[in-house]
Amino acid sequence: GGMNHKFEALGGAILAFVSGTVSASGASGAFSGNGAVPIVGGGYRYQPHDGGFFFRLTGYYIIAPSGGTSAGWAGLTLGYAFSG
């Protein structure tokens, strides 16, 4: 026996380097820098305790800094586990 259904909470950060140029009214300026972009997510996993087919569904969301574009994506994992 055992739990076949599992829920997961995920979190982390992507380290990013950002650079660009801004120009307006004939004046321009460049900017660059390093930063950490936070990621949150969650998932559901079905995995029989005694082996067999399993799958996992996950979703993630990037929280962009102010003025940036936030984005989300999902994933699916399929597999087979052999009982030991």
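1. Salt bridges link Glu8, Arg45 and Arg56 in a network. A salt bridge here is a side-chain nitrogen of Lys or Arg within 4 Å of a carboxyl oxygen of Asp or Glu. The whole structure holds two of them.

2. This is a predicted model: local features need pLDDT of at least 70, side-chain atom pairs count only at pLDDT 80 or more, and totals for chains, interfaces and linings use all residues. Residues are numbered from 1 along each chain as its sequence is written, and side-chain values use heavy atoms, with hydrogens and water left out.

3. Arg45 pairs with Glu8 in a salt bridge, with the closest N and O atoms 3.0 Å apart. Arg45 sits in strand 2 (residues 27–46) and Glu8 in strand 1 (residues 5–24), so the pair ties together parts 37 residues apart in sequence. Strands are DSSP runs (E, at least two residues), numbered from the N terminus.

4. Arg56 also forms a salt bridge with Glu8, the closest N and O atoms being 3.0 Å apart. Arg56 lies in strand 3 and Glu8 in strand 1, so this pair ties together parts 48 residues apart in sequence.

5. Arg56 is partly exposed, at 25% relative accessible area. Arg45 is partly exposed too, at 22%. The cut-offs: buried is under 20%, exposed over 50%, partly exposed in between (1.4 Å probe, protein chains only).

6. Strand 4 contains Leu78. Leu78 is exposed, with a relative accessible area of 56%.

Methods
Helix = DSSP H or I, 4+ residues; strand = E, 2+ residues; numbered from the N terminus.
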